[in-house]
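Here are some friendly notes to read alongside the model. Please keep the picture open as you go through the points.

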Amino acid sequence: MSTSSDDVSSSNNCTSRSAEKRYKGIRCRRWGKWVSEIRVPGTQDRLWLGTYTTPEGAAVAHDVAAYCLRGATSLHKLNFPSMLPPTARTDLSPRSVQKAASDAGMAMDAQLIASRDMAPSNGGCAQEGEALSISVDDYL
């Protein structure tokens, strides 16, 4: 059984923990996957937002859920406030918020993985200060 370079690089993603400090609402599993969850306001319940290959995918899922659950008061606390779709709604049920956030995070993961496959020279990671170009508008 061989180990692919993707398996090695994903396990190395968590060793520095830099993305965990850079993005709110995410954490890294010891096997290299990124996870996100959020508390439902006014309760002690948590919504599981999913497991992602990239820290950016987990961060986008957290952003969508935070905005849908907390509204405009959460805008200054988002990881990617410019990526929040203008059609994001705050009147969703927790289950609908969970689905919208998961879909947005998976879309981000898919885009970053596809860009990594097309340009392996940069390792699939966004450079410091580089804007991510995905819209989560279709997922809400």
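1. Which are the buried residues of helix 4? They are Val97, Gln98, Ala100, Ala101, Ala104, Gly105, Ala107, Met108, Asp109, Leu112 and Arg116. Here buried means under 20% relative accessible area, with exposed over 50% and partly exposed in between (1.4 Å probe, protein chains only). An α-helix has 3.6 residues a turn, so residues three or four places apart point the same way.

2. A word on what you are looking at: this is a predicted model, in which local features need pLDDT of at least 70 and side-chain atom pairs count only at pLDDT 80 or more, while totals for chains, interfaces and linings use all residues. Residues are numbered from 1 along each chain as its sequence is written, and side-chain values use heavy atoms, leaving out hydrogens and water.

3. Helix 4 covers residues 94-118, which makes 25 residues. From its first C-alpha to its last it reaches 36 Å, close to the 36 Å expected at 1.5 Å a residue (the expected span is 1.5 Å times one less than the number of residues). Helices (H or I, at least four residues) and strands (E, at least two) are DSSP runs, numbered from the N terminus.

4. Now find the open sheet: 3 strands in the order 1-2-3, with antiparallel pairing. Two strands pair if DSSP finds at least two bridges between them. Strand 1 (26-28) and strand 3 (46-52) stand at the edges with a single partner strand each, so one side of each has no neighbour in the sheet. From one strand to the next, the twist averages 25 degrees.

5. Strand 1 is joined to strand 2 (residues 34-39) by 3 bridges; Ile26 has Ser36 as its bridge partner, and Cys28 has Trp34. These two strands form a hairpin with 5 residues between them, and Gly32 in the turn has a positive phi of about 105 degrees.

6. Strand 2 and strand 3 are joined by 6 bridges, and Val35 stands opposite Thr51 in strand 3. They too form a hairpin, with 6 residues between them; Gly42 in the turn has a positive phi of about 85 degrees.

7. How far can you trust the picture? The mean pLDDT (the predictor's confidence in each residue, from 0 to 100) is 79 for the chain, and 69% of its residues reach 70 or more. Over residues 1-11 the pLDDT is below 50. Where pLDDT is low, the predicted coordinates should not be read in detail.

Definitions and conventions. Axes fitted to C-alpha atoms, helices over the stretch in contact; angles between N-to-C directions. Contact = heavy atoms within 4.5 Å.
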